[in-house]
Amino acid sequence: VTMAKCQRLASLLDVADRYDAFVLDQYGVIHNGSFPYEGAVACVNKLKELGKTLTILSNSSKRASFAEKRLVEWQFPTMDAIVTSGEAGWQGLSHNKDGFAQYGSKAALLCWVHQESFAIGLEDRITLTPLDQADFVVLQGVTVYRDGASEQQLSFPNDHVPLLEQALARQLTMLCINPDKIVVKADGSTATCPGSVAELYEQMGGTVHYVGKPHPLVYSLTLDALKGIPPSRILAVGDSLHHDIAGALQAGMDCALVTGGVHAHELGIEAGKGQTASDESLEQLCDAVLGVGKRPTYVMSSCM
């Protein structure tokens, strides 16, 4: 199989006339969590000037308002919609919609340190409870465990295993609000994301429900926000074959893989540096992750 199915793109602007809406991932595509990638702000602003509908579709477990605030600070244009896993999970729980009514009212929470708790505004829906009384586990971050009685700092995976064993003994369902397993940081190093804890729980025999790419809910929320635009006129852009590309293909959207993100190391290039991956390395990775012969519509070194 050759990469003939994939067109290489230098910039999203090269296909701007082909699409009316762009669904953009955040980390690894337009920024690295610390600052925007070179050219990204100009490129996205140009798409906005061209009258394109712009949405963010991110596996971030933080609320959409957090993403919006940061994008504005970095001079990205106002997005037409922002769908994050965190927002989808929060809204689902808050309004008991999209299948979230199945989760009980008592939860133990795995979260992040440096942020407002995911549970803020959900006080009427969820009471934080120790694992021996909880109905389910909310996995929103990996560094802190909170159960209403105590708070514990966690380092992966040693500190997680005893907690997961307790949850497993009671056969608690885990609600994972970010399926990503790792994130590539500004310095090129990687950090553990909730998907790694969820994978560990599944390997131990636990049940995990996921909110985020590649799972259908966030795509239906995104397509709802793009009502009136035919799927053939929407391009999804992301750096993860497992999440962005697999999810877009399932949802029937064209998609562009940015190679300098989460797969950079496997492709033999440096993250975030706009380097070009070889056809051979791309073919092998696409076959391994997506299935033989399945490809993104486009491949690009960066979204510029």
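Predicted model: local features only at pLDDT ≥ 70, side-chain atom pairs only at ≥ 80, totals over all residues.
What about the overall build? The chain has eight helices and 16 strands. With 304 residues, a compact globule would come out with a radius of gyration near 19 Å, and the chain has 19 Å, so the two agree. Along the principal axes, the C-alpha atoms fill a box of roughly 55 × 35 × 30 Å. Buried residues make up 52% of the 304 in the chain. If you take the contacts with a separation of 6 or more, 70% of them link residues 24 or more positions apart. As for charge, the mean positions of the 23 positive and 34 negative charges lie 4 Å apart.

Now zoom in on helix 5. How many of its ten residues are buried? Seven of them are, so helix 5 (residues 194–203) is largely enclosed by the rest of the structure. The buried ones are P194, G195, S196, V197, A198, L200 and Y201.

| Covering element | Residues |
|---|---|
| Strand 7 | 136–139 |
| Helix 4 | 160–169 |
| Strand 10 | 173–176 |
| Strand 12 | 190–192 |
| Strand 13 | 207–210 |

Just past the end of helix 5, look for G205, which takes a positive phi of about 110°.

Conventions:
Residues numbered from 1 in each chain as written. Heavy atoms only, no water. Helix = DSSP H or I, 4+ residues; strand = E, 2+ residues; numbered from the N terminus. Rg over C-alpha atoms; globule rule 2.2 N^0.38 Å. Buried < 20%, exposed > 50% of the residue type's maximum accessible area, 1.4 Å probe, protein only. Contact = heavy atoms within 4.5 Å. Lys, Arg positive; Asp, Glu negative; His and termini not counted. Charge placed at Lys NZ, Arg CZ, Asp CG, Glu CD.
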